[in-house]
Amino acid sequence: MNRDELRRQLMRNEGFRSCAYQDSAGYWTIGYGRNIDRRGGGITEAEAGILLDNDIDRVLHQLDAYLPWWKAGRDED
């Protein structure tokens with residue numbers, strides 16, 4: 001089985017959940033069946049960094065959309 005096919009099957013079988021939920025075994029899970037419970041999962045530091053970057057990007061876009069004047073008070077990247 002190739003990786004793309006495996007990915008499609010997992011996405012189809014697991015389904016996507018954007019908020020944490022308890023799976024049939026009682027483990028906290030998110031996304032496409034990703035176990036985040038300390039009993040058998042979690043995320044890596046690199047994954048946490050990606051989430052942080054996504055959170056920062058989302059807030060910056062919201063500021064741009066709703067408070068366009070906010071940039072005048074900060075240093076540009």
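How many salt bridges does the count come to? The count comes to 5 salt bridges, where a salt bridge is a side-chain nitrogen of Lys or Arg within 4 Å of a carboxyl oxygen of Asp or Glu.

## About the model

This is a predicted model, in which local features need pLDDT of at least 70 and side-chain atom pairs count only at pLDDT 80 or more, whereas totals for chains, interfaces and linings use all residues. Residues are numbered from 1 along each chain as its sequence is written, and side-chain values use heavy atoms, with hydrogens and water left out.

## Salt bridges

One of the salt bridges joins the side chains of Arg34 and Glu47, at 2.9 Å from N to O. Because Arg34 lies in strand β3 and Glu47 in helix α2 (residues 45-66), this pair ties together parts that are 13 residues apart in sequence; helices (H or I, at least four residues) and strands (E, at least two) are DSSP runs, numbered from the N terminus. Arg34 is partly exposed at 35% relative accessibility, and Glu47 is partly exposed at 25%. Here buried means under 20% relative accessible area, exposed means over 50%, and partly exposed lies in between, with a 1.4 Å probe and protein chains only.

Two further salt bridges can be described in the same terms. The side chains of Asp37 and Arg39 meet at 2.9 Å, N to O, and Asp37 counts as buried, with a relative accessibility of 9%. The side chains of Lys71 and Asp64 meet at 3.8 Å, N to O, where Lys71 is partly exposed at 32% and Asp64 is partly exposed at 31%.

## Aromatic rings

A search of the whole structure finds 1 aromatic pair, and it is formed by Phe16 and Tyr32, which are tilted, with 5.2 Å from centre to centre and 50 degrees between the planes. Rings of Phe, Tyr and Trp (its six-membered ring) pair if their centres lie within 6.5 Å, and planes under 30 degrees apart count as stacked, over 60 as edge-to-face and the rest as tilted. Phe16 lies in the loop between α1 (3-14) and β1 (17-22), and Tyr32 in the loop between β2 (28-31) and β3 (34-35), so the pair ties together parts that are 16 residues apart in sequence. Phe16 is exposed, with a relative accessible area of 53%, while Tyr32 is partly exposed, at 38%.

A ring also takes part in the arrangement of Arg17 and Tyr21, where the charged end of Arg17 sits over the ring of Tyr21, 3.9 Å from its centre. A charge sits over a ring if NZ of Lys or CZ of Arg is within 6 Å of the ring centre and within 35 degrees of the ring normal.

## The end of helix α1

Helix α1 is followed by Gly15, whose phi is positive, near 75 degrees.

Asn35, in strand β3, is buried, with a relative accessible area of 16%. Leaving aside neighbours within four places in sequence, Asn35 is in contact (heavy atoms within 4.5 Å) with Tyr27, Trp28, Thr29, Gly40, Gly41 and Gly42.

Trp70 is placed in the segment after α2 and counts as buried at 15% relative accessibility. Not counting residues up to four places away in sequence, Trp70 touches Leu60, Leu63 and Asp64. Trp70 and Leu60 are 10 residues apart in sequence and 9.7 Å apart in space, C-alpha to C-alpha.
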